[in-house]
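Okay, thanks for coming, everyone.

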Amino acid sequence: MMPPITTLGWFQTAMGAFALICGVYTLHKNREILLSNRSGLLYVIATLITAATALAIFQRGTFGPGHALAILTLGALASGTLAAKTTVFGKWSRFVQAIMYSATLLFHMIPAITDGLLRLPVGDPVLRSIESPVLKACYAAFLALYLLGVSLQIRRIARASVMAISCMGQSAHG
């Protein structure tokens, strides 16, 4: 059974839900999460707040999987933002940004589905154990969606890069 949710837990859950909405919206609209648009920036900020508050929740009294995911999320946010704002990754920056920011969506989905199925409906949750094969299947499905989504983003970014180089070459000769 899951421990009761605290006020900080409710805040973190609401912020995480907001981040997911922003992330899905920006992916749908822009095909990638970018700091240069409002929904992408809101997603990154909400994700940062969600991960940071997750580190302050110790209902089981010790470091747990949620804390590990929060650290992974913060690392992915830092890497994605570094790629977006600097040239550290050179020509690979856009790819790194897409991979890292998309990874944060995957990291959001793991606790979202876990808490959702283990807590809801209140008093009679869908699942009773974190070891449920249903959760493992959900995690596998989210990983597959992540891999598919990142593959599509990489393909689109690569095509856009080739087209830009092609256009630059044509304008230099034309």
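Let's start inside helix α5, where we find Q153; helices here are DSSP runs of H or I with at least four residues, strands are runs of E with at least two, and both are numbered from the N terminus. Before going on: this is a predicted model, so local features need pLDDT of at least 70 and side-chain atom pairs count only at pLDDT 80 or more, while totals for chains, interfaces and linings use all residues. Residues are numbered from 1 along each chain as its sequence is written, and side-chain values use heavy atoms, with hydrogens and water left out.

Back to Q153: is this residue buried or exposed? Buried, with a relative accessible area of 5%; buried means under 20%, exposed over 50%, and partly exposed in between, with a 1.4 Å probe and protein chains only. And what does Q153 touch? Leaving out residues up to four places away in sequence, we get L27, R31, E32, A98 and S102, where contact means heavy atoms within 4.5 Å.

Y146 belongs to the largest nonpolar core, which has 13 residues. By a core I mean buried Ala, Val, Leu, Ile, Met, Phe, Trp, Tyr and Cys residues joined through side-chain atoms within 4.5 Å. Y146, L106, F107, L117, L127 and L135 touch the most other members. Two or more residues each come from α3 (65–85), α4 (93–119) and α5 (133–173). Apart from that core lies another, of 12 residues, including L20, C22, A46 and L105.

Now over to H108, in helix α4. H108 is buried too, at 9% relative accessible area. Beyond its neighbours within four places, H108 is in contact with G16, A19, L20, Y43, T47 and T50.

Y43, T47 and T50 are among the buried residues of α2. What covers the buried part of α2? The cover includes α1 (7–30), α3 and α4.

Last stop, α2 against α3. Their axes come within 8 Å and cross at roughly 145°; axes are lines fitted to C-alpha atoms, for helices over the stretch in contact, with angles from 0 to 180 degrees between N-to-C directions. On the α2 side we have V44, T47, L48, A51 and A54, meeting α3 residues that include G66, H67 and L77.

That's my tour, thanks!
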